[in-house]
Amino acid sequence: MAHEELHLNLRNLELDDYDQLQELMDSIYDDIGGAWPKDTIKALVEQFPDGQICIEDSGQLIAVALTVCVKYDQFSNPHTYDDLILKNEKILHNAGGDSLYGLDVFIHPEYRGYRLGRRLYEARKELCRSMNLRAILAGGRIPNYYKYSDQYTPAEYIQRVDRKEIYDPILTFQLSNDFQVTRLMHKYLPEDQKSLGYATLLEWRNILYTPPSAVLNAKKTQVRLGAVQWQMREFNSVEEVLKQVEYFVDALSDYKSDFAIFPEFFNAPLMGLTDQMDQTRAIRFLAGFTDQFREQMSEMAVSYNINIITGSMPLLENDRLYNVTYLCHRDGRVDEQRKIHITPHERRDWVIEGGNDFQVFETDAGRVAIMICYDIEFPELGRIAAAQEVDIIMVPFWTDTKNGYLRVRQCAQARAIENECYVVITGSVGNLPKVENLDVQYAQSSVFSPSDFAFPHDAVMAETTPNTEMIMFSDMDLEKLTLVRAEGSVTNLKDRRTDLYELLKR
């Protein structure tokens, strides 16, 4: 059959197709009983029409996939084909089931080589996703096993097929379509002499499956982030700074943002209110306002119904100084993340010390990690966050020059790609001549994604105009992260060589 002569149509099976279906099944399954009776097919079509999928060529039935719904807990355990058969050869279909069960997929011999089976499997996977079902299960025959039964046990045969040392027309196909062998089943179909009665229990897991739950408790998958590219300016009081903060929080909330993120040391202009001759004293003066900023920004998070990443500010604790940011949840909780890696400038001029704890925070809009500026330049933190299934890495930063900014930006892009997550960087702009060491700023705030087909072609979700005070929005689909981690063009997280190296968190 020449491909230019094909006129393929994917659709649901109808009862009127039975005569063609019978002829096709009789020719393919002549060794195990041939076609199902018409009443059996009629029941399938009537009870679960969406699950019966076929492909026709110019009106001729050439490929079919038959499917029912079952309970996962029952059919993910050892069973036989007869467990699916009711009286009068009707096939069990449980309308309240949480999984699909693949009964049969068969292709007309003359149409093999056109990957029609893959089309049917993709349609079945899409059905599973659209119905929010847990998995697709199937009992897979191993029809070439009889050729090797005197050399290998069934388990050894399966391993060799998996390593592509042996070709099996059913198992090889199943494995190439992302199914995993979970069990070896005995006497699954005793009349299957080629498989010697053995079968594999195969499973394709729907990674987007969400267990039934109350609507108010459902985890958000569509997240809107708002970032503030902050203009450094002179302030005469803490109240002036907080008024400007509230202005931005109000604006971001009006646009229904789930998060508001501010830059590193955004409140540094307040150091202009004290003596600049002693930089250590000036930064400790600024630390005296940190409790007030934390408390009032937490109040804003609740009153404006938005999670706020407070940028960063100095924290004085037991006469030791830290660079800290707060995650103010909109339910009133407050989490803290201290900067782990301290720059030479911070250590030399301000005597800031690094924190010793890094974590991923659970929010009502995804799992979030915070890396303050320099932290994003160390890949180990990103890997630790990825191991905890982080969705978004927030990076409040402060850089004075473009080359400093590019270090942050390019490392952030790398973290997004290698850890298959979103990364947000937010900085400050403008000049602050009356504050020592904070004379100039350079920033272009951005949101980065993994680099794959589901995301923008340049893996940049959004970005601001450089060196201009403004707000930035980005809508992030967390389900796309789930898909890229499992089915992406490359799967960085899954393909790590943990047999050669691993990261240990102390």
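This is a predicted model: local features need pLDDT of at least 70, side-chain atom pairs count only at pLDDT 80 or more; totals for chains, interfaces and linings use all residues.
Local features require pLDDT of at least 70 and side-chain atom pairs pLDDT 80 or more, whereas totals for chains, interfaces and linings use all residues. Residues are numbered from 1 along each chain as its sequence is written, and side-chain values use heavy atoms, with hydrogens and water left out.

The largest pocket has a volume of about 1,500 Å³, a pocket being an open set of points on a 1 Å grid over the protein atoms alone where a 1.4 Å probe fits, with protein on both sides within 12 Å along at least five of seven lines, and lining residues having an atom within 4 Å of a point. Of its 47 lining residues, Arg205, Asn206, Ile207, Thr482 and Ala486 are the closest to the centre. Helix H13 (478-487) is among the elements that each supply at least two lining residues, and H13 gives the most, with six.

The second largest pocket, with a volume of about 1,300 Å³, is lined by 48 residues, of which Tyr29, Val105, Phe106, Arg141 and Ile170 are the closest to its centre. The largest share of this lining, six residues, comes from S4.

Glutamate 420 lies in the loop between helix H12 (402-419) and strand S18 (422-426), helices (H or I, at least four residues) and strands (E, at least two) being DSSP runs numbered from the N terminus.

Note on methods: Grid points are joined across faces, edges and corners, and a volume is the space filled by probe spheres set on the points.
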